[in-house]
Amino acid sequence: MENAIMLHNLTPEDLEELIRKVVSEQLDEFRKNTSTENPQELLTREEACLLLKISLTSLWNWTKKGKLMAYGIGNRVYYKRGELIQSLVRIN
């Protein structure tokens, strides 16, 4: 019960401040976990699939056909976030 909050002794102003603090902390955590601003960020195959909402098979096929550029270190395969976004084509 270390995270329990007793509301019966709080003023409305105290409750408002508490809510602001919690929401602010959650927003800061969310901002840390979303890194869409770094186009050079390397993504694993699984992360690239999640970003594009495709299967590993589609990712492999698109890489093999040259639609996507892959980078490797040892046995690892990476994709640059910015290149994945740029590879998207507008459909009319």
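Let me start at one ring. Lys80 sits over the face of Tyr71, 4.7 Å from the ring centre. The rule for a charge over a ring: NZ of Lys or CZ of Arg within 6 Å of the ring centre and within 35 degrees of the ring normal.

Ground rules next. This is a predicted model, where local features need pLDDT of at least 70, side-chain atom pairs count only at pLDDT 80 or more, and totals for chains, interfaces and linings use all residues. Residues are numbered from 1 along each chain as its sequence is written, and side-chain values use heavy atoms, with hydrogens and water left out.

Now the fold. The chain has four helices and three strands. Those are DSSP runs, numbered from the N terminus: helices are H or I, at least four residues, and strands are E, at least two. Along the sequence the order is α-β-α-α-β-β-α.

How much of the chain is buried? Buried residues are 13% of the 92 in the chain. Buried means under 20% relative accessible area, exposed means over 50%, and partly exposed is in between, with a 1.4 Å probe and protein chains only. As for contacts (heavy atoms within 4.5 Å), take those with a separation of 6 or more: residues 24 or more positions apart account for 46% of them.

On to salt bridges. I count a side-chain nitrogen of Lys or Arg within 4 Å of a carboxyl oxygen of Asp or Glu. That rule gives two.

One joins Arg20 to Glu16, with the closest N and O atoms 2.8 Å apart. Both residues are in helix α1, four residues apart, about one turn of the helix. Glu16 is partly exposed, at 39% relative accessibility.

The other joins Glu41 to Arg81, at 2.9 Å, N to O. Glu41 is in the loop between α1 and β1 (42–44) and Arg81 is in helix α4 (residues 81–86), so this pair ties together parts 40 residues apart in sequence. Buried or exposed, what is Arg81? Arg81 is buried, with a relative accessible area of 13%. Glu41 is partly exposed, at 22%.

Last, the surface. Leu7, Leu15, Ile19, Val23 and Leu27 make a nonpolar patch of about 420 Å². Leu7 comes from the segment before α1 (12–33). Patch residues have over 30% relative accessible area and no salt bridge; like charges are joined within 9 Å, nonpolar side chains (Val, Leu, Ile, Met, Phe, Trp, Tyr) within 5 Å. Areas come from the Shrake-Rupley method with a 1.4 Å probe; for residues, only the protein chains shown count as cover. The chain exposes about 8,200 Å², with carbon and sulfur atoms supplying 55% of it.
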